[in-house]
Amino acid sequence: VLAESGADARVEEIAHRAGVGVGTVYRHFPDKDALIDAVLDDAFDEIVSLAEAALEEPDAWTGFAGFLERTIALQAANSGLRGIAAGSERGRERAASMRTRLRPLVRRIVERAQAEGGLRPDFAPEDVPLVFWGTGRVIDLAGPVAPEIWQRFLGLLLDGLRTGAASPLPTPPLSPGQLDEVTARRAS
């Protein structure tokens, strides 16, 4: 229900869809925010697990591309949760904590793919959120009409990220501070 409706979902609907009473929900979660936090924790843990799996992939490019694809698939399936994590007061702290856990893993994924020669050398770990933001916009705009179109967008994007892409990038990546500022602006 949260994946579909986001933070505006009613606890009654959540309980109904879970096949339990509202009292049961409140016995496990003192309030709706605690329920949302628990769901976000599970979603964020899954993304961290995807990053760890990408680092275990024998081929670094496959690990990099697979991490993006699987994470974006979660994003597409959980648009309500994406909205909570990115744009609401609810979940903001949890999202910041997840990014802190995820950034070193993403850095290693990117550096590994570059070291093995699959990923263009001018791509930076700070560019990964740009990929998520861009595909998120495609999901938001085109998803209701063509739910899988994000896969085409990602395929086009990945082709441009391969070593030997046509031209150098015209501007440097966002600094970590700029990235934090943009992330905060998206959430407000």
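What is the handedness of the crossing of α5 and α8, left-handed or right-handed?

A: The crossing of α5 and α8 is right-handed. Keep in mind that this is a predicted model, so everything here is read off computed coordinates.

Let's start with the geometry. Two packed helices are described by the angle between their axes and the distance between the axes. Here, helix α5 covers residues 60-77 and helix α8 covers residues 128-142, and they pack at an angle of about 40° with their axes 10 Å apart. Angles under 35 degrees would count as roughly parallel, and α5 and α8 are therefore oblique to each other.

Now for who does the touching. On the α5 side, the contact is made by Phe67, Leu68, Thr71, Ile72, Gln75 and Ala76. Facing them from α8 are Val128, Val131, Phe132, Thr135, Gly136 and Ile139. Sort the contact of α5 with α8 by class and you get eight nonpolar residues, four polar ones and no charged ones.

A search of the whole structure turns up three aromatic pairs. In one of them, the rings of Trp61 and Phe64 have their centres 5.5 Å apart and their planes at 45°, so this pair is tilted. Both Trp61 and Phe64 belong to helix α5, where they sit three residues apart, about one turn of the helix. As for burial, Trp61 has 11% relative accessibility and counts as buried, and Phe64, at 1%, counts as buried too.

Phe64 also pairs with Phe123, and that one is edge-to-face: 5.7 Å centre to centre, with 80° between the planes. Phe64 lies in helix α5 while Phe123 is in the loop between α7 (92-115) and α8, so the pair ties together parts that are 59 residues apart in sequence. Phe123 is buried as well, with a relative accessible area of 6%.

How values were computed. Residues numbered from 1 in each chain as written. Predicted model: local features only at pLDDT ≥ 70, side-chain atom pairs only at ≥ 80, totals over all residues. Heavy atoms only, no water. Axes fitted to C-alpha atoms, helices over the stretch in contact; angles between N-to-C directions. Helix = DSSP H or I, 4+ residues; strand = E, 2+ residues; numbered from the N terminus. Parallel < 35°, antiparallel > 145°, perpendicular 65-115°, else oblique. Left-handed = near helix turned anticlockwise from the far one by under 90°. Contact = heavy atoms within 4.5 Å. Nonpolar A, V, L, I, M, F, W, Y, C, P; charged D, E, K, R; others polar. Phe/Tyr/Trp six-rings, centres within 6.5 Å; stacked < 30°, edge-to-face > 60°. Buried < 20%, exposed > 50% of the residue type's maximum accessible area, 1.4 Å probe, protein only.
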